[in-house]
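Please keep the structure open beside the text as you read.

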Amino acid sequence: MVEQFDGKWKMTSSDNFDEYTKAVGAGFASRHMANLAKPSLSIAVDELGCISMKAVTTFKTLEIKFKLDEESDETTADDRKVRTTMSLEDGKLIQKQTWEGKTTIIEREIQDSKMIAVCVQAICTILKHALNMKTKKKH
């Protein structure tokens, strides 16, 4: 149930975040600010099943409201305009962001009373082959 995420969470550590922000295309200044930030994250679920997720840092406050499995618009901390879908799978809150043919997956789960968030930039490569038809020689 999503209620297990309900509450206020404070980031205590972060690994490889700069590499992730580079992968999503964030500029140097945005990456630098993001690496300095230690956000607190509040998650609340209302009586209609609408979920509010609010991230607060000294630099910026972002809030998104959503219902599970419904796509919505989101502006990320580095100002990307994305389409976001949140779902609950195997006890994890899964956030899928898509923009400009790219996809990011953020998985949040509770372990030992801590929320663990894993961000993955999915890189999709399309390989296109160009083949020329062999022409037959006329005799």
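Is Phe17 buried, partly exposed or exposed? With a relative accessible area of 27%, Phe17 is partly exposed, because it falls between the 20% limit for buried and the 50% limit for exposed. Do bear in mind that this is a predicted model.

## Around Phe17

Phe17 sits in helix α1, which covers residues 17-23. Leaving out residues up to four places away in sequence, Phe17 touches Ala34 and Asn35. The C-alpha atoms of Phe17 and Ala34 are 8.4 Å apart, while 17 residues separate the two in sequence.

## The nonpolar cores

The largest nonpolar core has twelve residues. Among them are Val2, Phe5 and Trp9, together with Leu41, Ile43, Ile51 and Met53. Ile64, Phe66, Met86, Leu93 and Met115 also belong to this core. Three strands, β2 (40-45), β3 (51-56) and β4 (61-66), each supply at least two of the core's residues. A second, separate core has five residues, including Tyr20, Val24, Val82 and Trp99.

As general background, nonpolar side chains tend to be buried together in soluble globular proteins.

## A nonpolar patch outside

Some nonpolar side chains are found on the surface: Met33, Leu36 and Phe59 form a patch there, with about 280 Å² of accessible area together. Met33 belongs to helix α2, residues 28-36. Its relative accessible area is 36%, so Met33 is partly exposed.

## Salt bridges

How many salt bridges does the model contain? The count comes to five. One of them joins Glu71 to Arg83, with the closest N and O atoms 3.1 Å apart. Glu71 is in the loop between β4 and β5 (72-75) and Arg83 is in strand β6, so this pair links distant parts of the chain, twelve residues apart. Arg83 also meets Asp73 in a salt bridge, at 2.6 Å from N to O. Asp73 lies in strand β5, so its pairing with Arg83 ties together parts that are ten residues apart in sequence.

How do these partners differ in accessibility? Glu71 is partly exposed at 47%, as is Arg83 at 31%, whereas Asp73 is exposed at 62%.

Another bridge pairs Lys92 with Glu107, whose closest N and O atoms are 3.4 Å apart. Lys92 is partly exposed at 24% relative accessibility, and Glu107 is partly exposed at 29%. As for Glu71, Asp73 and Arg83, shared partners join their salt bridges into one network.

## Loops and cysteines

Which backbone angle stands out at Asp90? Asp90 has a positive phi of about 50 degrees, although it is not a glycine. Asp90 is in the loop between β6 (81-89) and β7 (92-99), and at 83% relative accessibility it is exposed. Asp112 likewise has a positive phi of about 50 degrees without being a glycine. Asp112 lies in the loop between β8 (102-111) and β9 (114-122) and is exposed at 76%.

Finally, the cysteines: the count of disulfides is zero. Cys50 is partly exposed at 22% relative accessibility, and Cys119 is partly exposed at 31%.

Definitions and conventions: Residues numbered from 1 in each chain as written. Predicted model: local features only at pLDDT ≥ 70, side-chain atom pairs only at ≥ 80, totals over all residues. Heavy atoms only, no water. Core = buried A, V, L, I, M, F, W, Y, C linked by side-chain atoms within 4.5 Å. Buried < 20%, exposed > 50% of the residue type's maximum accessible area, 1.4 Å probe, protein only. Helix = DSSP H or I, 4+ residues; strand = E, 2+ residues; numbered from the N terminus. Patch = residues over 30% accessible without salt bridge, like charges linked within 9 Å, V, L, I, M, F, W, Y side chains within 5 Å. Areas by Shrake-Rupley, 256 points an atom, 1.4 Å probe, with all protein chains shown as cover. Salt bridge = Lys/Arg side-chain N within 4 Å of Asp/Glu carboxyl O. Disulfide = S-S within 2.5 Å. Contact = heavy atoms within 4.5 Å.
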